[in-house]
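Here is a short briefing for a first look. Keep the sequence and the 3D view open while you read.

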Amino acid sequence: MPPVYNENSRVLILGSFPSVKSRETGFFYGHPRNRFWMVLAEVFEDDVPVTIAEKKRFLLKHGVAVWDVIASCEIRGSSDSSITNVRVNDLSIILNKADIKDIYVNGGKAESIYEKYMEKQVGRKCVRLPSTSPANAAWSLDRLTESWKIIRKCN
């Protein structure tokens, strides 16, 4: 899945690898129970985007770039814990064009892949945010939103 960004992007949010539903829909965070879009709408005090076109406009309007750390891998279903044979994305595609202030990762798997394969190459640390995945049921929408508000500091 290609990244969403432009020269005005200031924040980069990286997931691990698209879920089965996201791969089916052809866009990031496509599972209806994933709270990514609801959280970002709350963080930026905006309407929840529904269509892919609305989601792209939403991200660019708020200076947010989105991609995944993993370009390809072997995975069973949508289970991050089953991921093997990782090939990572080339973040220079975004970092050479946009003035990204901070890099955030959506959950633990994205963080571990970023730290293992990308941190040295990129020369920047990432900030781990709690996963918006429905598998992270311990985090309520309100609690997620409060944690994710840190991304506003760059805008």
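Where is tyrosine 29 found? Tyrosine 29 lies in the loop between helix H1 (20-25) and H2. The model is predicted.

**Confidence**
- The protein has an average pLDDT of 92.
- A score of at least 70 is reached by 97% of the residues.
- Among the elements, H3 has the highest mean pLDDT, 98.
- E3 has the lowest mean, 83.

**Nonpolar core**
- The largest nonpolar core holds 42 residues.
- Ile13, Leu14, Leu40, Leu59, Tyr114, Trp148 and Ile151 have the most contacts inside this core.
- At least two core residues come from each of these strands: E1 (11-15), E2 (64-68), E3 (70-74) and E5 (102-106).
- Helices H2 (36-43), H3 (52-61), H5 (108-122) and H6 (141-148) also each supply at least two.
- Leaving aside neighbours within four places in sequence, isoleucine 13 is in contact with Phe36, Leu40, Val64, Ala65, Val66, Trp67, Tyr104, Trp148 and Ile151.

**Positive phi angles**
- Most residues other than glycine have a negative phi.
- Tyrosine 29 is not a glycine, yet its phi is positive, near 55 degrees.
- Tyrosine 29 has a relative accessible area of 11%, so this residue counts as buried.
- Glutamate 45, also not a glycine, has a positive phi of about 50 degrees.
- Glutamate 45 sits in the loop between H2 and H3.
- Its relative accessibility is 70%, so glutamate 45 counts as exposed.

Terms used: Residues are numbered from 1 along each chain as its sequence is written. This is a predicted model: local features need pLDDT of at least 70, side-chain atom pairs count only at pLDDT 80 or more; totals for chains, interfaces and linings use all residues. Side-chain values use heavy atoms; hydrogens and water are left out. A nonpolar core is a set of buried Ala, Val, Leu, Ile, Met, Phe, Trp, Tyr and Cys residues joined through side-chain atoms within 4.5 Å. Buried means under 20% relative accessible area, exposed over 50%, partly exposed in between (1.4 Å probe, protein chains only). Helices (H or I, at least four residues) and strands (E, at least two) are DSSP runs, numbered from the N terminus. Contact means heavy atoms within 4.5 Å. pLDDT is the predictor's confidence in each residue, from 0 to 100.
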